[in-house]
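Please open the structure in a viewer and keep the selection tool at hand. The stops below say what to select and what is found there.

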Amino acid sequence: MIRHIYVHIPFCARICPYCAFYKDLLDRPHTWRFCEAILRELELYQGGAIFPGSPEVAVATEGGKSFRRTRDRRSSLLPSTIYFGGGTPTALTIAQLELLLRGFRERLNLSCLEEWTIEANPGSVSARKADLLKKFGVNRISLGVQSWDDHLLKLLGREHNARQAEESFHLLRAAGFANINVDLMFGLPGQTIEQWRSTLEKTMALQPDHISAYCLTYEEDTEFFLRHARGEFRQDADADSEFFEIAMAILEHAGYEHYEISNYARPAFSSVHNRAYWLGKDYLGIGPSAVSTVGMRRWQNVCDYRSYIDRVLSGQSPVGPSEDLTSEMKRTERIALSLRTRDGVSASDLKHFAQQTDEIIALGLLRKSNGNFVLTRRGKTLADSVAEALV
Ligand SMILES: C[S@@+](CC[C@H](N)C(=O)[O-])C[C@H]1O[C@@H](n2cnc3c(N)ncnc32)[C@H](O)[C@@H]1O
Ligand code: SF4
């Protein structure tokens, strides 16, 4: 039974020079067909078709094409979370969002749905869009604010300024959203500690329910990566640690629980979808480039959205690369992901690493809590190195 669905919507009105997610410029002529393809892919899974690795029990034909069909119980969808990410889902028009949301409502049994998140860019939020999302059952918004400093927003190539981001936040609240996440970034080129402090304070004043604070990564194949390679931008690990510690101090003082390295939530507002992912639960990914993990099988849809649309609408499978997972691979991933969470890594996952674990504990980076191994405050600033030492 699959309880978590991720949907990738790869369009953005503008491409940010630091971003390595699969995305492309908004392509209006293709977006209607894209929405149709998303719903068609959902139907394929509902029918139990194209489920890589599932035992085949029959072959059915649709529109002249044959699909492997399966009656594997795991292929049934009963979502407790749906996450529309991107790209920028809100870059779609109101009519397209309505088609998608209505399509999901009509095709899925949503009786167990707890959380339906959509990622939004402040440049593409409107009161009508917000009302529509609310009306169709979206109950969590993740708003990409990044910074409240107009100069830094410009450097990041964002399509909005701080004032528009604030208006979008209020507009979402006015539409009735009681669960709003604000994405922030730190360690930006030229960003001062004072700018970061005031961005955090401004965020606190708005009282979002959840905050994701990401340290800028210079991702390959981005303009920022090239500028970093040319020496125009520098990464300063000490400054990054200081930004991180300030975020922890200010947000925890304001009552936010630091439940994952980059994530803070008011009590009861941690993300159900992300927690499931960090716990290694099965999830289905729909849309171009989306990854799925079900049982011991993982697969990824083709990335290019044009080929994704053509494949799905012509009855072919959009699945690209796939692999069988071993229990060892699953355990390694579980350690890497759960180490970053407040609950930490289970002792059973680390039982073969007793010596490394003891050494890391002796360095004051890890501690034992409720039978699990949890990063200490200092360990959190060195989380990646601790993970490397353990896996
Ligand atoms: C898919 S985007 C969110 C929605 C929307 N596209 C937007 O940008 O507003 C996910 C988030 O990842 C973060 N992010 C993207 N690229 C990053 C990078 N190179 N380093 C750190 N954080 C990054 C940003 O905070 C961004 O809001
Ligand atoms: S709007 Fe979001 S997904 Fe699009 S390029 Fe910018 S950060 Fe990436």
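The tour of this predicted model moves from domains to cores, then to a ligand and several strands.

**Domains.** Begin by colouring the protein chain by its domain assignment, which gives domain 1 (2-278) and domain 2 (345-390). The centres of domain 1 and domain 2, taken over C-alpha atoms, are separated by 30 Å. At the contact between these parts, eight residues of domain 1 meet five residues of domain 2.

**The largest nonpolar core.** Next, select Phe-84, Phe-104, Phe-177, Trp-196, Tyr-264 and Tyr-308. Within the largest nonpolar core, which has 88 residues, these six touch the most other members. Domain 1 and domain 2 each supply at least three residues to this core. In soluble globular proteins, nonpolar side chains tend to be buried together.

**Tyr-264.** Keep Tyr-264 selected and display its surroundings. Which residues is Tyr-264 in contact with, leaving aside neighbours within four places in sequence? They include His-210, Ile-211, Ala-213, Phe-244, Met-248, Leu-251 and Tyr-256. Another core, of eleven residues, lies apart from the largest one; among its members are Cys-16, Tyr-18, Cys-19 and Leu-152.

**Ligand 2.** Select ligand 2 now. Around it are Cys-12, Cys-16, Tyr-18, Cys-19, Lys-23, Gly-87, Thr-88, Asn-121 and Arg-158. Sorted by class, this shell holds four nonpolar, three polar and two charged residues.

**Strands 11 and 12.** Move on to residues 257-260, strand 11, and residues 263-265, strand 12; the two pair in the antiparallel sense over three bridges. Together, strand 11 and strand 12 form a hairpin, with two residues between them. Within this pairing, Glu-260 has Asn-263 of strand 12 as its bridge partner.

**Ser-212.** Then select Ser-212, which is placed in strand 10 (residues 210-215). Is Ser-212 buried or exposed? Ser-212 counts as buried because its relative accessibility is 3%, with the limit for buried set at under 20%. Not counting residues up to four places away in sequence, Ser-212 touches Asn-181, Val-182, Asp-183, Leu-184, Ser-262 and Asn-263.

Finally, select strands 17, 18 and 19. They form an open sheet in the order 17-19-18, with antiparallel pairing. Strand 17 (345-346) and strand 18 (366-369) stand at the edges with a single partner strand each, so one side of each has no neighbour in the sheet. Strand 18 pairs with strand 19 (residues 372-375) in the antiparallel sense over four bridges. To end the tour, pick Lys-368, whose bridge partner in strand 19 is Phe-373.

Note on methods: Residues numbered from 1 in each chain as written. Chains lettered and ligands numbered in written order. Predicted model: local features only at pLDDT ≥ 70, side-chain atom pairs only at ≥ 80, totals over all residues. Heavy atoms only, no water. Core = buried A, V, L, I, M, F, W, Y, C linked by side-chain atoms within 4.5 Å. Buried < 20%, exposed > 50% of the residue type's maximum accessible area, 1.4 Å probe, protein only. Domains from an automatic or database assignment. Contact = heavy atoms within 4.5 Å. Near = heavy atom within 4 Å. Nonpolar A, V, L, I, M, F, W, Y, C, P; charged D, E, K, R; others polar. Pairing = 2+ DSSP bridges.
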